[in-house]
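Please read this briefing with the sequence and the model side by side.

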Amino acid sequence: MPDLGTADAEIRIVEWLVEVGQSVARGEALLTAETDKAAIEIESVASGILQEVRVEAGDEVAAGEVIAVVKGEGGTEISTESATEPGPDTAVEAEVPEPQIAPAPAQPSGPKPSRKGMFARNREARARRPAGGRRHAGLRDNQRAVAKRLTRSHREIVPFDMVCRIEMTAAARQLEILETELQRRVGYNPFFISAIAGIARDIPCFLSYQLGDEVGTHEQANVGFVVGFDRALYIPVVHDADGKVPIDIGREVSRLALKAARGRLSVEECSGACVVVSDLSGYPIQSFNAVIPPGSSAAVAIGGVEEVPIVKDGTVAVVPAVQVTLTVDHRVVNGRNAAMLLTRLIESMEAL
Amino acid sequence: MKETEYDREFLVDLYERMLLIREFEEEVKFLFLEGTMPGTIHQCQGQEAAAVGVCSALEEDDVITSTHRPHGHALAKGLTPEEILIELFGGGTGCCRGKGGSMHVGNIDKGMPPAIAIVGGGIPLATGMALALKMQKRPQVAVCFFGDGATSEGAFHEGITLGAIWDLPVIYVCENNLYGASTRVDEITRMPHIAERAAAYGIRGETVEGNDVLAVHEATRIAARQCRDGEGPVLLELETYRLTGHSRRDACHYQPEEEREAWARRDPILVFGRALCQRDDVEQADLDRIRCDVEARVAGAIETARGEPAPTLADLTTDVYA
């Protein structure tokens with residue numbers, strides 16, 4: 001892979017333009033790659049049959065890696081137009097049976113002193129660099145979209161936070177039943193989605209949104225949930241979640257999360273959320289604020305489940321609980337409505 | 001036709017020089033794609049007639065300044081493929097002893113100080129060299145290559161203003177390839193021709209078909225004579241087109257398909273080769289033979305360049321001023 005990007009950037013292969021087994025000529029476009037700048041067609045440096053593709057379309061690769069092998073047409077004289085007798089040095093290209101695309105820097109033939117190639121030097125420098133050093137990387141499509149939406153959220157939305165604590169004794173019991181039934185782990189998302197959808201239906205400002213100067217209302221109580229991966233972030237949406245029971249929502253959550261992991265979510269499956277839920281209850285964190293995606297009215301951030309002492313009927317008891325942070329777009333939701341949503345959410349979750 | 005006014009040897013030499021630049025740039029492209037060539041490179045495929053047309057009208061001791069896209073200018077001015085290629089590989093025996101790289105190739109003994117990669121940066125420098133030539137009462141001229149993008153730099157205005165008020169022997173050569181990196185020239189100026197700007201400085205300006213090597217040669221010959229007669233400066237605008245990305249990392253998406261194809265049909269080497277074959281004393285076979293020679297020459301130069309050792313630590317402070 002030629003060095004197409006700025007230093008250290010990963011290059012994503014978008015498409016192979018030649019199929020394995022087909023022949024390719026030197027100078028013919030072999031693949032399209034995407035750098036942090038743009039998509040670019042890359043020409044083959046050798047003529048022959050494309051024998052092997054080592055990096056699939058969609059994957060990322062560093063400059064200097066071998067990405068494909070082109071098998072030269074054995075014995076065929078490549079430099080047919082050359083008037084001079086090819087000396088031992090110039091014939092190297094024709095003699096090598098399997099020239100590799102972007103191999104380790106070609107060593108000069110003959111006894112000339114060899115120098116370490118640029119890529120080898122870069123690789124060594126990277127290996128020497130202490131861990132934790134900064135790495136620049138190109139953006140994938142998803143990251144670019146996420147970055148755009150986050151920036152828009154930051155620029156437009158006026159966030160307003162409110163925190164409450166919810167006892168999870170009942171929810172924990174229900175989760176066990178639900179996960180046994182579904183035979184897979186889904187976390188607390190289905191319960192929160194179900195509860196929030198019902199509450200949003202009753203407090204209509206949570207169905208509204210403001211995008212720039214445009215104010216609108218969602219027809220249905222759609223609730224999104226955040227699914228994060230190392231290099232991608234998705235918010236699939238359970239549409240019309242009001243009226244669906246947690247077990248059905250659980251199935252949908254599980255299906256959508258799987259599609260997200262494969263990067264196969266459709267635009268529709270990620271659109272139309274009124275409120276989004278971000279569940280980090282499995283981690284030992286107390287609380288956090290979630291970012292409201294443009295087009296939604298609020299985000300509900302669920303902190304880690306911890307054992308806490310609470311006063312119940314005049315005595316101290318130790319119960320599992322979470323801190324929930326509600327962030328609302330203050331342009332469409334006021335403090336009283338936010339407090340109402342949390343009050344109802346506590347009631348619903350503790351009475352599961 | 002015009003070609004008949006010149007002798008065969010001269011015309012064939014022009015063709016060979018353009019082909020040498022094309023072959024050189026194409027091979028360097030593959031070296032870059034293979035990963036054996038470090039850095040990025042700015043190539044000039046499609047603009048060969050500008051470099052060769054101008055330099056063929058100059059004397060050996062005339063001086064030129066070049067840009068971040070200097071390979072063609074250097075080859076046209078008489079640098080060898082070897083000394084440039086070694087420089088590109090960072091070898092210690094390159095034309096800048098491995099310290100300049102692609103964007104600074106040059107050889108002062110051959111009338112080309114290391115190329116100036118800063119856009120428009122060569123304009124005041126060429127003006128200064130022309131001032132020196134004039135003060136020393138020497139007959140040479142300075143020629144300054146720059147692109148259309150440079151004409152909106154302050155250095156363009158400042159340099160040409162000085163060149164004009166001091167009547168300096170300098171030819172300002174704008175290779176108008178329509179794009180400053182990715183910005184189209186008509187987005188940065190309302191003037192249909194950059195040569196018209198000459199009027200603002202009280203100097204002569206001329207727009208030339210930049211893909212016609214003989215037209216460029218003629219225009220430069222006249223401009224050079226004018227400069228030597230003390231009637232400089234002159235602003236030449238060579239209309240041409242870059243048949244490659246701004247740099248090797250540029251996918252060129254801003255060049256419309258039809259425009260690229262139209263200019264590809266006006267490829268200076270293609271057009272001139274066809275015109276040469278109209279003569280009684282040139283045949284296609286002659287041109288094919290030249291192509292083979294050029295290919296072998298570049299291939300040989302690459303083999304030489306690959307083996308050259310890099311500068312050592314001991315060379316760190318030599319050849320540098322600061």
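In this predicted model, helix α1 (residues 8-34) of chain B and helix α11 (residues 284-306) of chain B have axes that come within 9 Å and cross at roughly 45 degrees.

**Helix pair in chain B**

- The crossing of α1(B) and α11(B) is right-handed.
- On the α1(B) side, the residues that meet α11(B) include B:R8, B:V12, B:Y15, B:L19, B:F24 and B:E34, while those contributed by α11(B) include B:D286, B:I290, B:R291, B:V298 and B:R306.
- By class, this contact of α1(B) with α11(B) has 11 nonpolar and 10 charged residues, with no polar residues.

**Strands paired with β18 in chain A**

- Strand β8 (residues 159-167) of chain A runs antiparallel to strand β18 (residues 315-329) of chain A, and 9 bridges join them; within this pairing, A:C164 has A:V324 in β18(A) as its bridge partner.
- Strand β16 (residues 298-302) of chain A is also antiparallel to β18(A), to which 5 bridges join it, and the bridge partner of A:A299 in β18(A) is A:T327.
- Strand β17 (residues 306-312) of chain A is joined to β18(A) by 7 bridges, again in an antiparallel arrangement, with A:K312 standing opposite A:T315 in β18(A).

**Hairpin in chain A**

- β17(A) and β18(A) form a hairpin that has 2 residues between the strands, and A:D313, which lies in the turn, has a positive phi of about 50 degrees.

Methods. Residues numbered from 1 in each chain as written. Chains lettered and ligands numbered in written order. Predicted model: local features only at pLDDT ≥ 70, side-chain atom pairs only at ≥ 80, totals over all residues. Heavy atoms only, no water. Axes fitted to C-alpha atoms, helices over the stretch in contact; angles between N-to-C directions. Helix = DSSP H or I, 4+ residues; strand = E, 2+ residues; numbered from the N terminus. Left-handed = near helix turned anticlockwise from the far one by under 90°. Contact = heavy atoms within 4.5 Å. Nonpolar A, V, L, I, M, F, W, Y, C, P; charged D, E, K, R; others polar. Pairing = 2+ DSSP bridges.
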